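Please keep the sequence and the 3D view at hand while reading.

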Amino acid sequence: MTSVKPILKIDNMSKTYPNGVRALDNISLNIPAGMYGLLGPNGAGKSTLMRILATIQEPDSGTISFQDVDVLKEKNELRKTLGYLPQAFGIYKKVSAEKLLHHFVILKGIESKSERRETVEALLKQTNLWDVRKQKLGGFSGGMKQRFGVAVALIGTPKLMIVDEPTAGLDPAERVRFLNLLSELGENSAVILSTHIVEDVSELCTNMAIINKGEILMEAVPLKAMENLRGLIWRRTVDKTHLSDYELKYEIISTKLLAGQTVIHIYSEENPGDDFKPVEPDLEDVYFSAMNGVIGKYANVRKEVKP
Ligand SMILES: Nc1ncnc2c1ncn2[C@@H]1O[C@H](COP(=O)(O)OP(=O)(O)OP(=O)(O)O)[C@@H](O)[C@H]1O
């Protein structure tokens with residue numbers, strides 16, 4: 001749980017699709033201002049939650065409040081102060097970035113011509129697209145398109161930004177540029193970033209939640225969560241053919257191929273011996289520990305059923 005006062009509160013929210021998939025299962029979250037990471041694997045329910053927060057999808061039950069706004073009842077109130085970058089969005093390929101942004105600024109209701117020009121210029125500069133403003137959007141790289149999406153989402157200086165899986169498919173340089181842009185936004189508004197990439201959260205977010213199969217496994221301050229795991233994570237290289245023996249004996253939280261070798265991380269409250277070395281836990285250890293139920297929502301359940 002985060003101790004800072006929440007700016008966005010989600011209570012007991014559920015959503016089941018007509019095909020019977022329960023995408024969100026009684027979710028509650030307290031989200032403070034700044035950068036907030038929603039971390040989870042494919043199919044966890046992130047996009048469903050983001051679309052509901054962005055007021056384009058209805059939950060079956062639950063409430064959301066943003067400051068004094070009852071989000072589900074006063075959708076237009078929230079929309080005035082909302083920026084949303086969806087996971088996938090279409091753009092007009094044959095139009096230049098500058099021209100299309102002008103159109104969106106008009107749609108947002110900025111009537112004065114000079115104010116429009118200033119807004120467009122400021123947004124293109126902020127998103128580092130000023131030099132390519134005359135280029136057609138069809139020729140933009142994935143990262144440039146994402147930054148254009150941010151420019152659109154930023155029109156009207158939103159207080160709440162919803163950003164759904166923005167770094168998937170970006171090359172490393174574009175990813176860094178994009179994350180830097182987001183962290184600047186986090187200084188003035190609440191930014192909720194959904195991602196399956198642990199590094200997006202560790203590099204950027206002061207608060208986070210881990211979601212899987214429609215459930216929140218834990219809410220945490222990343223630095224504290226890593227600290228709490230200190231002394232509990234151990235690693236060693238194993239022969240792949242012996243992996244199942246280790247699985248029987250230890251609480252393996254992750255198995256990775258590293259330079260052709262199989263490296264396992266285990267959770268153990270005591271020194272396991274057996275050539276294991278202590279690990280300084282990172283956010284990936286936190287994520288896999290929560291996903292495996294050794295910490296977070298299912299930690300106690302798991303301990304009770306263990307011999
Ligand atoms: N319109 C829909 N109709 C039926 N099932 C859906 C629909 N949208 C999503 N789902 C299902 O709901 C679950 C959650 O999907 P969601 O897209 O919210 O997850 P996600 O965490 O964003 O995953 P991804 O990163 O793969 O987009 C998945 O099992 C998905 O197949």
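**Pairing around β11**

Tryptophan 234 has proline 278 in β14 as its bridge partner. The model is predicted.

**Strands β11, β13 and β14**

- β11 (residues 233-238) and β14 (residues 277-278) pair in the antiparallel sense, over two bridges.
- β11 also pairs in the antiparallel sense with β13 (residues 261-267), over six bridges.
- In β13, isoleucine 266 is the residue that stands opposite tryptophan 234.

**The open sheet**

- Six strands form an open sheet in the order β6-β7-β8-β3-β9-β10, and the pairing is mixed.
- At the edges are β6 (82-85) and β10 (215-220), each of which pairs on one side only.
- On average, neighbouring strands of this sheet are turned by 15° against each other, direction ignored.
- β9 (residues 207-212) pairs with β10 in the antiparallel sense, with five bridges between them.
- Methionine 218 in β10 has isoleucine 210 opposite.

**Helices on the sheet**

- Helix α3 (residues 97-107) packs with helix α4 (residues 113-126) at an angle of about 125°, and their axes are 10 Å apart.
- Because of this angle, α3 counts as oblique to α4.
- The crossing of the two helices, α3 and α4, is right-handed.
- On the α3 side, the contact is made by Ala97, Glu98, Leu101, His102, Val105 and Ile106.
- On the α4 side, the contact is made by Arg116, Thr119, Val120, Leu123 and Leu124.
- The contact of α3 with α4 has seven nonpolar, two polar and two charged residues.

**Around the ligand**

- There are 14 residues around the ligand, and those that come nearest are Tyr17, Asn42, Lys46, Ser47 and Thr48.
- Helix α1 (residues 46-53) gives the largest share of this shell, three residues.
- Sorted by class, the shell has eight polar, four nonpolar and two charged residues.

Key: Residues are numbered from 1 along each chain as its sequence is written. This is a predicted model: local features need pLDDT of at least 70, side-chain atom pairs count only at pLDDT 80 or more; totals for chains, interfaces and linings use all residues. A residue is near a molecule or strand if its C-beta atom, placed from the backbone, lies within 6 Å of it. Helices (H or I, at least four residues) and strands (E, at least two) are DSSP runs, numbered from the N terminus. Ala, Val, Leu, Ile, Met, Phe, Trp, Tyr, Cys and Pro count as nonpolar, Asp, Glu, Lys and Arg as charged, and the others, Gly among them, as polar. Axes are lines fitted to C-alpha atoms, for helices over the stretch in contact, and angles run from 0 to 180 degrees between N-to-C directions. Angles under 35 degrees count as roughly parallel, over 145 as roughly antiparallel, 65 to 115 as roughly perpendicular and the rest as oblique. A crossing is left-handed if the near helix is turned anticlockwise from the far one by less than a right angle, and right-handed if clockwise. Two residues are in contact if their C-beta atoms, placed from the backbone, lie within 7 Å. Two strands pair if DSSP finds at least two bridges between them.
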